[in-house]
Every structure is written in structure tokens, then in C-alpha cells.
Amino acid sequence: MSAPEISPGETAVGRLVLAATPMGQAGDASARLCAALRPAGGVAAEDPRRARNLAASLDVQIGGRIVSYYDHVESARTPQLVDAVAGGATVLLITDAGMPSVSDPGYTVVRACVDAGLPVTCLPGPSAVTTALALSALPAERFCFDGFAPRKPGARRAWLAELIAQPRTTVFFESPHRLADTLDCAAQVLGSERRAAVCRELTKTHEQVRRGALAELAIWAADGVRGEITVVIEGAPAGSGEPDVQTLAERAEELAAGGMRLKDACAQVCEGLGVSRREVYQAVLDRRR
């Protein structure tokens, strides 16, 4: 990606622009996105083919060169993009759907530009996280986003154990092939009656939002689910308080089963609770006898 020519003695600094793209319907693209695609000094796209298809559906001709920017090339391509911005180019970063950096490529180049003192801005737009949260019919005043659920069963159970006393609504992404197992595990760890919502193919033709108790949703998902999945789980019931030492010991064992050192696991589950990690560590040892 080449930067624009600069006259002798002239200095120029461009900027990195993060631009949200539609999750399914091209009509959800913002007017600012359409306007930014035309004069961009270059476009870094998770998939250049999808970027071209999006531009065509919006009747927009992309002005600059398009380079691929996906997980496996982020580190190698980042210096090139930073040099282009430093040389005066406006580089537009887009992913296949939604907001860059949110479980998609983006963080690496944003961090590099910020470290280099270069301008970074954003064109806001669609996000599966907030869309699913709004549709879930679960409390949305306070929530946390956990990216993709862990793939390995032990790590997944340990992660869910961390949500036992989490008062905030939790949003995460999941593969359709692992959804049933994750919901079943969540029902075991968080309680079969904990409410949740599974949002499938958001904004697309076959959009579906299934709401219910975790156990109920696990049974439904066992028949097979397709498409891109976002899951929303309600927080711990109000007034449930913090877990006791035995519950924390159980959570620490879950983390240790996922590969974490037991002492580190005890420290993590006790963080911010005012509970002695030594007491939890001893409780784990007692449970193992």
C-alpha cells in the first residue's frame, strides 16, 4: 500500500479509520462508510472479496488499493499499514461483518498506530454484541463481552465457573457445532434455570432469537443449529451474594483442570472478594483427600 507523494520539505500524517460493516443487510451500511470507501488511500479488509462485494452492493467504487488483513497476516501487514498512515494516507480498516477489533482483526494495527502517535478514528455501526443484547430481553444496563467461548471442555467449564457470581449479563460468540455442549455445560455450572438467549444469523434473512432457560436451550440446540451464533446469559440473581469458600474452591479446581496452576487459580477466584486465597487453597486440598 503506497502513501501519497509529498513535496520536498512537506510533512503529512494520515489516519487509520476503523469502519463497522453490515452483519448481513447491505442497507445497514452508514452513509459515512459509503463516503469513506471512495477516497480511501487504501483499504485493509479481512476478506478483499467480501469488501468488493459490499462495495458493489452499495454502488460504491473503492478508491484505493485493497490488501488482506486477517488473523494470520496481522503481524506481518501491520508495519505496512502504519507506514502508509505515517506517510499521509487514510487507511480504512474493515472486517467481514461488524466492528473491527471486536473478536475480529484490528487491535494490532490500532495499538501500533497509537504507539507511533498516529491518528485513529472510527466510523460506528453494526455490532452483533449490542444487537444480541438488545434482542435478548435480558437486563442490559451492565454487561460484559467474553469473545468466543473456550473450545476445550475443561477450559470452557472453568470459564463458566467464573460467571457463577457475575452480576452482569454476559455476551459471547459460539460456533454452531459447539453450541449444544456449551449450553449443556452452562446449565450444569450456572443452573438449569438461568435465563439466556441464543441469537442466530442476526439481521439476515433467517434471523432467529431463541429465549429460555439454559437447560431448555441446550435441548433445543441438540437438534443442530446453523449460522453465526451470539449467546446472551443473564447475570447472577440479585441478592445472591458472593460465593462461599467451598464454592470458590470448586471454581478453583475447575480452573486448575483447565491447565492453570492451583495457586494461581485460587488467587484468581478470590480476586476482589476479600476472601483469603490460602483458605480456598486449603479447601481444595481438603476436597481432594
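Helices (H or I, at least four residues) and strands (E, at least two) are DSSP runs, numbered from the N terminus. By this rule the chain has 11 helices and 10 strands. The structure is a predicted model, in which local features need pLDDT of at least 70, side-chain atom pairs count only at pLDDT 80 or more, and totals for chains, interfaces and linings use all residues. Residues are numbered from 1 along each chain as its sequence is written, and side-chain values use heavy atoms, with hydrogens and water left out.

Confidence was examined next. pLDDT is the predictor's confidence in each residue, from 0 to 100. Its mean over the chain is 89. A value of 70 or more is reached by 93% of the residues. Residues 2-11 stay under 50. For this stretch the model has nine contacts beyond four places in sequence, a contact being heavy atoms within 4.5 Å. Where pLDDT is low, the predicted coordinates should not be read in detail.

The overall dimensions follow. The C-alpha trace spans about 75 × 45 × 30 Å along its principal axes. The chain holds 289 residues, and 46% of them are buried. Buried means under 20% relative accessible area, exposed means over 50%, and partly exposed lies in between (1.4 Å probe, protein chains only). Among contacts with a separation of 6 or more, 73% join residues 24 or more positions apart.

Aromatic rings were then searched over the whole structure. Rings of Phe, Tyr and Trp (its six-membered ring) pair if their centres lie within 6.5 Å; planes under 30 degrees apart count as stacked, over 60 as edge-to-face and the rest as tilted. The search finds three aromatic pairs. One of them joins Phe145 and Phe173. Their centres are 5.1 Å apart, with 65° between the planes, and the pair is edge-to-face. Phe145 lies in strand E6 (residues 143-148) and Phe173 in strand E7 (residues 169-174), so the pair ties together parts that are 28 residues apart in sequence. Phe145 is partly exposed, at 28% relative accessible area. Phe173 is buried, at 11%. The rings of Trp159 and Phe172 also form an edge-to-face pair, because their planes stand at 85° with centres 4.9 Å apart. This pair links distant parts of the chain: Trp159 in helix H6 (residues 153-161) and Phe172 in strand E7, 13 residues apart. Trp159 is buried at 8% relative accessibility, and Phe172 is buried at 0%. Phe145, Phe148 and Phe173 form one aromatic cluster.

Helix H6 has other buried residues around Trp159. Arg156, Ala158, Trp159, Leu160 and Ala161 are buried in H6. Their cover includes strands E6 and E7, helix H7 (179-190) and helix H9 (245-257).

Strand E7 also contains Thr170. Thr170 is buried, with a relative accessible area of 2%. Leaving aside residues up to four places away in sequence, Thr170 touches Cys144, Asp146, Leu163, Val231, Val232 and Ile233.

On a 1 Å grid over the protein atoms alone, a pocket is an open set of points where a 1.4 Å probe fits, with protein on both sides within 12 Å along at least five of seven lines; lining residues have an atom within 4 Å of a point. Grid points are joined across faces, edges and corners, and a volume is the space filled by probe spheres set on the points. The largest pocket holds about 620 Å³. It is lined by 25 residues, of which Ser103, Asp104, Phe148, Phe173 and Glu228 are the closest to its centre. E7 and strand E10 (229-233) each supply at least two lining residues. The lining has 10 nonpolar, five polar and 10 charged residues. Here Ala, Val, Leu, Ile, Met, Phe, Trp, Tyr, Cys and Pro count as nonpolar, Asp, Glu, Lys and Arg as charged, and the others, Gly among them, as polar.

Two further residues were examined. Thr21 sits in the loop between strand E1 (15-19) and helix H1 (31-37). Thr21 is buried, at 1% relative accessible area. Beyond four places in sequence, the residues that Thr21 touches include Leu33, Leu54, Ile94 and Pro126. The C-alpha atoms of Thr21 and Trp159 are separated by 30 Å. Arg195 is found in strand E8 (residues 195-200). Arg195 is partly exposed, with a relative accessible area of 40%. Its contacts beyond four places in sequence include Ala137, Gly212, Val232 and Ile233.
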